[in-house]
Amino acid sequence: MAPAKKRNVSLAKTSEQSGKRAKIDINTKVENVLESRKNANDVFDILESLESEKEKDVVNAVNACSKLFSTLLEKKELFLGKLPGEEEALSGGLSADEKYRMFMRHRYNSCVEVLLEHLNHELHSVKESALCCLMKFAAGEGKHPLEDLDWSEHYSFPRELIQAVVDKLLSKTTDNSLLISRFQEFLEMEDVRYYVMSSIREDVGKVMDKNKGALVPVYQNNVFTLMSNISIPNQESELTNFMVKQEAKHEDWKAAKLNEHKRAFERMWLGFLKNKLPSNMYKKILVILHDSILPHMSKPTLMIDFLTAAYEVGGAISLLALNGLFVLIHQHNLDYPDFYKKLYNLLEPSVFHVKYRARFFHLANIFLSSSHLPVYLVAAFAKRLARLALTAPPTALLIVLPFIYNLIRRHPSCRVLIHKPSTEDEPVEDPYLMDEEDPAQCRALESSLWEIKTLQKHYHPDVAKAAMSINTPLSNKEDDISELLEITTYEMMEKDLKQSKIKSVPLEFETATQLLKGGGNVLGQHFCLD
């Protein structure tokens, strides 16, 4: 076995040495090209290395191309303006300098094409190197434009190159989450972020139209990952980090205006959300909607259609849509008909077991906090929660019972649910209609909260104790349920296990010591007395 190991080590050393030699060779070629135009053809060898099958060779070639073409951009040795075909350039009566610039511009375009293809390479290191190189080229093109751009619209920004990068990041077949997270660094630059948002909107429009609105899960996941990494500053004074600084009229540039950023952000999201989405993506979007999307939109009310549609879906998606609706109702005066009816119907046994239970009860508590709500509506919520409490887990009951008590405190007219006069020893049928979807028709006010009385015999002592509170007049101070929202079964068990053991209870002030020792004499004395 020893000779085999030596052979493996020697092979590894040989490959490492050949890699170093290749790196030295390619760097030498870059220096030669930059040193003299006579060595221009060496660029073909550099571009050929870009398509090598070895990872190290490709990464070295990408770095070499980055150095070569960034330097040529700075020296302005690439042809400017509309580039003629290569054959046309060589056949025309052009100077050697113009032919050289055209030749190098064609090589630059070829390099960009290969790098864009490498964004879909199977190796992440190659993808990452290609992405960083392309963004370096974008910065170079921004400072030294290669095209005659519309000064009033795009100024000197490499919009086409950014669009091409975005198109490759939004792959239809490969999950690019890791590469997109690397791209987040560039999204911190205001102008890059602005043009990326516009590029996403255009790309989504083309792809979804081509697929006639059908689901494209991998593509849509890449789009969501990229969009969720975009955040807009709160004030225009924060727009300071630009990849390309305009020499003139910088303040008039759309990428330098916060309102334009918000408008582009809004169009991007609305363009994405108008299409059919995978069900798991609804949840991802709704989780971040209220604090990462709505605050950065110029007109948040445009999200009404999406939120109301999500609210109608039911289940966990409806629970998550509550956050966004809450923002629109309270901050933007949204009028949502039958909102409380829908909220009432969300109260099902599953609500105690979903991941977003704490968020739901927090928002429900806010929505039901108004003292102007009709009594029948509050009574319906209290009664429905009490009925559901009969089969709820202890962790949920510790939320539900204080929740019901708070409803009664806010609306004293609901105390009739506690002090319901009835004839003792006479069976009474509960008039409450659990299956009725309309809280106005469920007859909650005709019923009582007998369910809480039943819970006073619950197996868990904390629940039984909480249910006992209804036996005494409720105080005016509301219970703080915020600390109970996140409680888990594990925490309840830990609390029970950590409770100190009950100490022995003293039965008498002075411990008896002679009772058994002199028992016979004492009994004898008693008999004698009798």
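**Pocket, helix pair and ring pair in a predicted model**

Modeller: In this predicted model, helix H5 gives the most to the lining of the second largest pocket, with six residues.

Biologist: How do the residues of the lining divide into nonpolar, polar and charged?

Modeller: Ten are nonpolar, one is polar and six are charged.

Biologist: Why are H10 and H12 called roughly parallel?

Modeller: The axes of helix H10 (residues 217-228) and helix H12 (residues 279-293) cross at roughly 10°. Angles under 35 degrees count as roughly parallel, so H10 and H12 are roughly parallel to each other. Their axes come within 11 Å.

Biologist: What makes the contact between H10 and H12?

Modeller: H10 brings Gln220, Asn221, Phe224 and Ser228, while H12 brings Met281, Lys284, Ile285 and Ile288. Of these contact residues, four are nonpolar, three polar and one charged.

Biologist: How many aromatic pairs does the structure hold?

Modeller: It holds 22 aromatic pairs, one of them formed by Phe242 and Trp253.

Biologist: Why is the pair of Phe242 and Trp253 called tilted?

Modeller: The centres are 5.9 Å apart, and rings pair if their centres lie within 6.5 Å. The planes of Phe242 and Trp253 are at 35°; stacked needs under 30 degrees and edge-to-face over 60, so the pair counts as tilted. Both residues lie in the loop between H10 and helix H11 (258-273), so the pair ties together parts eleven residues apart in sequence.

Technical notes:
Residues numbered from 1 in each chain as written. Predicted model: local features only at pLDDT ≥ 70, side-chain atom pairs only at ≥ 80, totals over all residues. Heavy atoms only, no water. Axes fitted to C-alpha atoms, helices over the stretch in contact; angles between N-to-C directions. Helix = DSSP H or I, 4+ residues; strand = E, 2+ residues; numbered from the N terminus. Parallel < 35°, antiparallel > 145°, perpendicular 65-115°, else oblique. Contact = heavy atoms within 4.5 Å. Nonpolar A, V, L, I, M, F, W, Y, C, P; charged D, E, K, R; others polar. Phe/Tyr/Trp six-rings, centres within 6.5 Å; stacked < 30°, edge-to-face > 60°.
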